[in-house]
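User: I have a model open and want to talk through its side-chain packing. Can we start with the rings?

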Amino acid sequence: MASGKRKETALLAARAGRYREYAPPPALRRHFSRLWSHALHNGPPAMVAIVPDGYCDLLWIDGRLVVAGPDRTAAFPVIQPGATVIGARFAPGAAAPWLKTPLSPLVGCSVPLADIGRKDTAEFEARLADCPDPSAAMALFGRLLEGIARDAEEPARDAAMIFASADDGRPSGLLDRLGISERQLRRRCHHHFGYGAKTLERIRRFQRFLDLCRKSGTMPLARLALEAGFADQPHMTREVGELSTLTPAVILDQLSMRKRAG
């Protein structure tokens, strides 16, 4: 019953307020794929769905630095109306060396950065807390990350290759390109992404579907399924439901160009 209600009322995060992404400055591009901010609407709280994307993020929220670990399925966090969240999305293979911890224990979790053991967390948080507004906090957030990046461990190149393979939907030949066994691949995926290669492939295929929905105004669902890489429309419906609790039709309605234009 509860899941049925979610399908009717959950709002994808991209539709819940004003979400913006920024290319990181050159000093951060090895470690972060995007910096972003998300200003939630004022008014009654909505049930916001954060859907899996294969990434790990560092957030500034409610006066704390928090690591949002990779998700297997949609999360429904309680976020205060009017709040602004600032984030940095780790590049593939960068989170585990930066945080000095494997990502498998962080799957589905939001953990204060201080609990992971970074000694500079308290100073980082104190300086951000003194910022008068979100735009100033965003600028300072980037500068502080740049300072840390100078001493950060290099991202894992093999993890970037694994992610790119899943993103392209062409995993064949990956073991040969990396020169590793199936067991080694599984271990590296759990270390850098929190789960195995098959789960990562499912999540990135789901993200291809979301990208197509954003660009589409009239594309039929059966065509969306094939373009995203699903076997057929029923396969897409099952996968999208398992990963997001929403139906493909609901997601298309929320994200399509036609909806945004309206």
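Analyst: A search of the whole structure finds seven aromatic pairs. Rings of Phe, Tyr and Trp (its six-membered ring) pair if their centres lie within 6.5 Å; planes under 30 degrees apart are stacked, over 60 edge-to-face, the rest tilted. This is a predicted model: local features need pLDDT of at least 70, side-chain atom pairs count only at pLDDT 80 or more, and totals for chains, interfaces and linings use all residues. Residues are numbered from 1 along each chain as its sequence is written, and side-chain values use heavy atoms, leaving out hydrogens and water.

User: What is the geometry of Phe-124 and Phe-141?

Analyst: Tilted, with 6.1 Å centre to centre and 50 degrees between the planes. Phe-124 is in helix H4 (residues 121-129) and Phe-141 in helix H5 (residues 134-149), 17 residues apart. Helices are DSSP runs (H or I, at least four residues), numbered from the N terminus.

User: Is Phe-141 buried or exposed?

Analyst: Buried, with a relative accessible area of 0%. Buried means under 20% (1.4 Å probe, protein chains only). Phe-124 also counts as buried, at 5%.

User: Switching to cores. How many residues has the largest nonpolar core?

Analyst: It has 39 residues. A nonpolar core is a set of buried Ala, Val, Leu, Ile, Met, Phe, Trp, Tyr and Cys residues joined through side-chain atoms within 4.5 Å. Leu-185 and Phe-209 are among those with the most contacts inside it.

User: Which helix gives the largest share?

Analyst: H9, with eight residues. Apart from this core lies another, of 31 residues, including Phe-32 and Phe-141.

Methods. Helices (H or I, at least four residues) and strands (E, at least two) are DSSP runs, numbered from the N terminus. Buried means under 20% relative accessible area, exposed over 50%, partly exposed in between (1.4 Å probe, protein chains only).
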